[in-house]
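Dear colleague,

Here is the structure we talked about handing over. My notes on it follow below.

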Amino acid sequence: LCDKPYVFGMKKRDWTTGQIQGLTVQGQTELIEGSTVLIVDDICSRGGTFYHSAKALKALGAKKIYLYISHCENSILEGELLDGSLIEKVFTTNSIFTKEHEKIEILEV
């Protein structure tokens, strides 16, 4: 549906602890350097997958990273994702997120 270049992440998880052990970016990775990237996903709890995705994208030279999540849980505030400068801004709907944060913009649905 989208005629734009894209990449995708493959995460490695320790299924006994649930911890993400790393993430590799696959696809047209040569296009990432110097680019602004939009990560799109359906749900976010603490943001671990997006944190590791942003770290991997920055290592590949991404200039700015934005995140669109259809449904964001309030627990995103408990994770590392919003700390520092990995993510410029998170866009989400008002479906379940009820808090406020300077990096989160609510899109009314």
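**Fold and salt bridges**

The chain is built from 1 helix and 6 strands. Please keep in mind that this is a predicted model. Read from the N terminus, the order of elements is β-β-β-α-β-β-β. The radius of gyration is 14 Å, close to the 13 Å that the globule rule gives for 109 residues, so the chain is as compact as a globular protein of that length. The C-alpha trace spans about 40 × 35 × 30 Å along its principal axes.

Of the 109 residues, 30% count as buried. The chain exposes about 7,100 Å², and carbon and sulfur atoms supply 51% of that area. Among contacts between residues at least 6 apart in sequence, 48% join residues at least 24 apart.

On charges: the chain has 12 positive and 15 negative ones, and their mean positions are 4 Å apart. The structure holds 2 salt bridges.

- R46 and E78 meet through their side chains, at 3.5 Å from N to O. R46 sits in the loop between β3 (36–44) and α1 (48–59), and E78 in the loop between β4 (64–72) and β5 (89–93), so this pair links distant parts of the chain, 32 residues apart. R46 is partly exposed, at 43% relative accessible area, while E78 counts as exposed at 54%.
- K89 and E105 form a salt bridge, with the closest N and O atoms 3.7 Å apart. Because E105 lies in strand β6 (residues 104–107) and K89 in strand β5, the pair ties together parts that are 16 residues apart in sequence. E105 counts as partly exposed at 33% relative accessibility, and K89 as partly exposed at 24%.

Regards

Technical notes. Residues are numbered from 1 along each chain as its sequence is written. This is a predicted model: local features need pLDDT of at least 70, side-chain atom pairs count only at pLDDT 80 or more; totals for chains, interfaces and linings use all residues. Side-chain values use heavy atoms; hydrogens and water are left out. Helices (H or I, at least four residues) and strands (E, at least two) are DSSP runs, numbered from the N terminus. The radius of gyration is taken over C-alpha atoms; the globule rule is 2.2 Å times the number of residues to the power 0.38. Buried means under 20% relative accessible area, exposed over 50%, partly exposed in between (1.4 Å probe, protein chains only). Contact means heavy atoms within 4.5 Å. Accessible areas come from the Shrake-Rupley method with a 1.4 Å probe; for residues, only the protein chains shown count as cover. Lys and Arg count as positive and Asp and Glu as negative; His and the chain ends are not counted. The place of a charge is taken as NZ of Lys, CZ of Arg, CG of Asp or CD of Glu. A salt bridge is a side-chain nitrogen of Lys or Arg within 4 Å of a carboxyl oxygen of Asp or Glu.
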